[in-house]
Every structure is written in C-alpha cells, then in structure tokens.
Amino acid sequence: MALLLAGCGAGTGTQLPIACPSPGLLGEGADLTRYRPGAAQDLTGLDFDARLVSINGTCKAGRGERSIQVQMTAGFSVERGPASEGRSVDLPWFVAVLDRQTDTILSRQNFTDRVAFGRNETRSTVDSAPVSISLPVGASRQAGDYRILVSFQLTEQDLALNRRRGPR
C-alpha cells in the first residue's frame with residue numbers, strides 16, 4: 001500500500017515544492033483486534049478488528065521558512081465483531097516524529113478516534129481528524145532528517161497477537 005505525504009508549494013510558480021518527511025505505518029502496530037473481556041479469543045468473542053490503512057497529508061513552509069507545517073490524516077478500516085455490544089468503537093493511535101539517523105523519538109502525539117456504525121452496519125472506513133505537526137528546519141536540519149510513524153496504541157497482549165498473527 002503506497003503511503004505518501006504529498007509536498008506542495010506555496011505562492012508563485014517559481015518556488016519549488018516543500019519536501020516532506022518520510023511517513024509510514026509501524027508494521028506491528030497497524031492492526032488492533034479486541035475481544036470482549038472474559039470471552040474466548042476467537043470469532044465469537046470478537047469485539048472489533050481495526051487496521052490503519054493509509055496516511056494522507058500535505059506540507060508547507062512555516063513562518064520565516066524555519067519550519068515545515070505538516071497536516072495529515074490517518075485512514076482506518078474497522079469491522080465490528082459478533083461480541084460487540086455498542087455501535088461505536090474507540091481507536092487509540094499515535095503519531096511519532098523520529099530522527100532519521102538515530103531513530104530517537106523527538107515527539108509523540110496520542111489520539112483516540114471514535115468510529116460510529118449505522119444500523120446493521122458491521123464495516124466502516126474512516127479518516128481521522130486532521131493532525132498538525134510543526135518541524136523545525138534550517139541549516140542543520142532538513143525535512144529528510146525526520147520520519148513520521150503512525151501506529152495504534154497497543155497493549156502487550158495486542159502486540160503479542162500481532163506478532164503471532166504476522167502482517168496482514
């Protein structure tokens with residue numbers, strides 16, 4: 001699945017597009033499967049199964065061209081399971097900005113998006129609310145020095161399930 005934050009220029013046709021940091025989904029964190037507490041961890045106990053399926057956004061120069069302003073959304077695909085008791089699901093997820101050279105986390109923002117299902121609806125595909133990130137740039141740091149990763153916030157059990165199941 002191609003993931004891309006498109007660069008876009010601001011102003012006249014003589015300016016070059018603003019470079020964007022490399023975006024991506026954290027592989028082991030792109031799936032979130034939850035079961036009803038106390039239920040069997042099989043289809044009969046499934047509350048919901050969600051996937052991060054896309055990242056979309058744009059970049060533009062910040063004030064005085066000393067920063068890059070990233071505006072992005074995450075796309076989710078969610079399926080309600082037979083054990084689901086409500087018509088909405090809360091999806092905990094985060095956006096992390098990393099230093100490309102060291103993989104050090106420079107910032108992290110946590111979010112929870114609610115996905116509501118209509119009557120007799122078991123599947124939904126939605127985009128998150130827009131997320132804004134400001135990244136400093138200058139002589140010592142450029143857009144290519146950053147990486148942006150998106151993932152669900154997983155418990156240890158969620159992560160263990162994703163590792164057992166493997167990429168989907």
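Predicted model: local features only at pLDDT ≥ 70, side-chain atom pairs only at ≥ 80, totals over all residues.
1. Residues are numbered from 1 along each chain as its sequence is written, and side-chain values use heavy atoms, leaving out hydrogens and water.

2. To find your way around, start with the fold. The protein chain has one helix and ten strands (DSSP runs numbered from the N terminus: helices are H or I, at least four residues; strands are E, at least two). Along the sequence the pattern reads β-β-β-β-β-β-β-β-β-β-α.

3. C20 sits in the loop between strand 1 (6–7) and strand 2 (22–25), and C59 belongs to strand 4 (residues 46–61), so the bond ties together parts 39 residues apart in sequence.

4. Are these cysteines buried or exposed? C20 is buried, at 19% relative accessible area, and C59 is buried too, at 0% (buried is under 20%, exposed over 50%, partly exposed in between, with a 1.4 Å probe and protein chains only).

5. Finally, the whole chain. Of its 168 residues, 38% are buried. Among contacts (heavy atoms within 4.5 Å) between residues at least 6 apart in sequence, 67% join residues at least 24 apart. The chain exposes about 9,800 Å², with carbon and sulfur atoms supplying 49% of that area (Shrake-Rupley method, 1.4 Å probe; for residues, only the protein chains shown count as cover).
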